[in-house]
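Hi,

Here is the structure I promised to pass on. Have a look at it first, and then read my notes below.

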Amino acid sequence: PVGKVAPKAGEPPSPTGLIERDKQVEIMARMVIMRFDPKEITDENLGGVAKYVNDKETGPRLQALNVLGNMGQAGAKKLDDVVRALTSEDADVVVAAITTLVQFGPASKAALPAVERLRTRGTTKEEREYWVDLTKRAVKAIQDTDKPPEKKP
């Protein structure tokens, strides 16, 4: 729970004096702060979310990737953290990282070489086919991020 507590040993004091011990609540709190006040889209808040992209727990990883993706181009400042998530053993995390890259827009083109490496994943024929197809679709989606959406008649 959020409350006024002393930081743990080695933990820097929070500028607000508040510390949130639940990772997922912290991630969402930072997102809400950034969404309600664009001046809060700072390296500190983006970094506070990005530090969980490569956490040992899947829940915070997925949530951090989702929040960064929802931040769009502002979240792209943490591109390197998302690229590291592409190497995860957890396929759900990798798919979430790809989704985040697409949401970043044109800035994610720098991550294309890392996305291309996904083609080599999988041990069975079906797994390899899945990763090749996913990689192909991800690369196309990232390359198309700067194209305006097609108008439907």
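Helix 1 and helix 2 pack with their axes 9 Å apart, at an angle of about 150°. (Helices here are DSSP runs of H or I with at least four residues, numbered from the N terminus; axes are lines fitted to C-alpha atoms over the stretch in contact, and angles run from 0 to 180 degrees between N-to-C directions.) That angle makes helix 1 and helix 2 roughly antiparallel, a label for angles over 145 degrees, while those under 35 count as roughly parallel, 65 to 115 as roughly perpendicular and the rest as oblique. From helix 1, the contact uses Glu26, Ile27, Arg30, Ile33 and Met34, and from helix 2 it uses Glu44, Asn45, Leu46, Gly48 and Val49. Contact means heavy atoms within 4.5 Å. The crossing of helix 1 and helix 2 is left-handed, that is, the near helix is turned anticlockwise from the far one by less than a right angle (clockwise would be right-handed).

Before you go further: this is a predicted model, where local features need pLDDT of at least 70 and side-chain atom pairs count only at pLDDT 80 or more, though totals for chains, interfaces and linings use all residues. Residues are numbered from 1 along each chain as its sequence is written, and side-chain values use heavy atoms, with hydrogens and water left out.

Now compare that with the other helix pair. Helix 5 and helix 7 have axes that come within 9 Å and cross at roughly 20°, so helix 5 runs roughly parallel to helix 7. Helix 5 brings Ala91, Val94, Val95, Ile98, Leu101 and Val102 to the contact, and helix 7 brings Tyr130, Trp131, Leu134, Ala138, Ala141 and Ile142. This crossing of helix 5 and helix 7 is left-handed.

Next, the salt bridges (a side-chain nitrogen of Lys or Arg within 4 Å of a carboxyl oxygen of Asp or Glu). The count comes to 9. One of them joins glutamate 26 to arginine 30, with the closest N and O atoms 2.9 Å apart. Both residues sit in helix 1, 4 residues apart, or about one turn of the helix. Glutamate 26 counts as buried because its relative accessibility is 10%, and arginine 30 is buried too, at 17%. (Buried means under 20% relative accessible area, exposed over 50%, and partly exposed in between, with a 1.4 Å probe and protein chains only.)

Aspartate 133 is partly exposed, at 34%. Elsewhere, glutamate 116 and arginine 119 meet at 2.6 Å, N to O, and Lys23, Asp55 and Glu57 are linked in a network of salt bridges.

Last, helix 3. Residues 58-70 form it, 13 in number, and it reaches 18 Å from first C-alpha to last, close to the 18 Å expected at 1.5 Å a residue (1.5 Å times one less than the number of residues). What covers its buried residues includes helix 1, helix 2, helix 4 (79-85) and helix 5. Glutamine 63 of helix 3 is buried at 16%, and it touches Gln24, Ile27 and Met28, leaving out residues up to four places away in sequence. Just after helix 3, glycine 72 takes a positive phi of about 60°.

Cheers

Conventions: Helices (H or I, at least four residues) and strands (E, at least two) are DSSP runs, numbered from the N terminus.
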